[in-house]
Amino acid sequence: MVQYSTGVLTTAFNFSVSHAVASALTVSGNIGFRERVTTAGGPATTTSGIIASVDVVRDLASGSGFGGITYDAAGARTSTALRLGRTLDLPSGSLTASLEANRTAGSRVQLLGRAAYQRDLPSGTLTVDLNQSLTTDTFDQDIKVSSLGINYDQALTSSTGLNLAMNISRSEDSGAGVAATFNRATASATFSKQLTSDWDMQLGYRHRLSSGSTVATASSDSIFLTLTRNIQFGF
């Protein structure tokens with residue numbers, strides 16, 4: 001797989017295998033190689049290495065339990081992560097929660113959590129997702145991202161629907177303390193309607209707000225109208 005974004009070229013190769021050890025227990029493994037060439041911000045730099053992981057999933061009476069370990073030597077610094085989690089089937093939805101201990105070479109162990117809740121309503125769905133993760137920016141700086149997403153879908157009629165969504169996120173340095181901090185928030189309301197069997201329409205409003213340690217606070221408002229046509233080809 002080859003991916004390219006502004007100033008970054010990533011090439012990755014992966015091999016995966018999965019095996020059902022027992023009727024309710026599955027073990028899967030992945031090993032691969034990733035190379036990233038960065039040209040943004042100065043002379044080209046290359047980081048590469050092996051990525052490997054082992055995951056275990058066990059089916060339980062009302063959901064499943066899962067865990068795994070990941071080793072990543074393809075970045076500027078080697079990291080190891082251990083995670084444990086649980087999914088729970090509820091009478092009208094589901095809940096997933098997990099905890100991850102991540103250790104990057106030269107840094108302290110960081111605890112990251114995630115909780116995702118979905119509730120099925122009579123004619124809609126409500127989801128809440130709270131997530132923390134670690135990533136790297138184009139300068140190979142360690143970044144911690146914390147986000148909260150709330151999404152509500154409501155069917156108004158057989159051909160119309162309403163979506164309300166909000167997302168709040170914060171990215172900050174998680175290593176040497178030199179990366180900038182950014183805060184972002186987005187709220188939107190979208191009305192959708194199936195005009196014909198081929199045409200769909202979406203009309204909505206979106207508000208964005210951003211701030212950071214190196215940028216001024218900025219906000220924007222937009223109204224959008226989208227027409228989509230579904231085309232099917234017969235072969």
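User: What makes Ser 159, Trp 199 and Asp 200 contacts of Gln 194?

Analyst: Gln 194 touches Ser 159, Trp 199 and Asp 200, with residues up to four places away in sequence not counted. The cut-off is 4.5 Å between heavy atoms. Note that this is a predicted model.

User: Where in the chain is Gln 194?

Analyst: Gln 194 lies in strand β12, which spans residues 182-194.

User: Why is Gln 194 called partly exposed?

Analyst: Its relative accessibility is 39%. Buried means under 20%, exposed means over 50%, and partly exposed is what lies in between. Gln 194, at 39%, therefore counts as partly exposed.

User: What does the side chain of Gln 194 reach, and at what distance?

Analyst: It reaches the backbone oxygen of Thr 196 at 3.4 Å. The limit for a polar contact is 3.5 Å. The value of 3.4 Å is within that limit, so the pair meets the distance test.

User: Let's turn to Asn 30. Why is Asn 30 called buried?

Analyst: Asn 30 has 18% relative accessibility. Buried requires a value under 20%. At 18%, Asn 30 passes that test and so counts as buried. Asn 30 sits in strand β3.

User: What makes the link between Asn 30 and Ser 16 a polar contact?

Analyst: The side chains of Asn 30 and Ser 16 are joined at 2.6 Å. A polar contact needs N or O atoms within 3.5 Å, one able to donate a hydrogen and the other to accept it. The pair at 2.6 Å is therefore listed as a polar contact.

User: Which residues are in contact with Asn 30, apart from its neighbours within four places in sequence?

Analyst: Asn 14, Phe 15, Ser 16, Ile 51, Ala 52 and Ser 53.

User: Next, strand β11. Why is Ala 165 not called buried?

Analyst: Ala 165 has a relative accessible area of 22%. Ala 165 is placed in strand β11, residues 160-173.

User: What surrounds Ala 165, leaving aside neighbours within four places in sequence?

Analyst: Ala 165 is in contact with Ile 150, Asn 151, Thr 186, Ala 187 and Ser 188. Arg 206 is 41 residues away in sequence, and its C-alpha atom is 9.4 Å from that of Ala 165.

User: Why does Arg 170 count as partly exposed?

Analyst: Arg 170 has 35% relative accessibility.

User: What makes Asn 183 a polar partner of Arg 170?

Analyst: Their side chains make a polar contact at 2.9 Å. With a limit of 3.5 Å, the distance qualifies. Asn 183 is also one of the residues that Arg 170 touches, together with Lys 144, Val 145, Ser 146, Thr 181 and Phe 182.

User: How does the lining of the largest pocket divide by class?

Analyst: It has eight nonpolar, 20 polar and eleven charged residues.

User: What lines the second largest pocket?

Analyst: Its lining includes Thr 135, Asp 137, Gln 141 and Phe 182. About 170 Å³ of space lies there. By class, the lining has four nonpolar, three polar and two charged residues.

User: Last, the whole chain. How many helices and strands does it have?

Analyst: The chain has zero helices and 14 strands. Of its 235 residues, 24% count as buried. The accessible surface comes to about 14600 Å², and 59% of it belongs to carbon and sulfur atoms.

Conventions: Residues numbered from 1 in each chain as written. Predicted model: local features only at pLDDT ≥ 70, side-chain atom pairs only at ≥ 80, totals over all residues. Heavy atoms only, no water. Nonpolar A, V, L, I, M, F, W, Y, C, P; charged D, E, K, R; others polar. 1 Å grid on protein atoms, 1.4 Å probe; cavity = no way out; pocket = protein on both sides within 12 Å on 5 of 7 lines; lining within 4 Å. Points joined across faces, edges and corners; volume = space filled by probe spheres on them. Helix = DSSP H or I, 4+ residues; strand = E, 2+ residues; numbered from the N terminus. Buried < 20%, exposed > 50% of the residue type's maximum accessible area, 1.4 Å probe, protein only. Areas by Shrake-Rupley, 256 points an atom, 1.4 Å probe, with all protein chains shown as cover.
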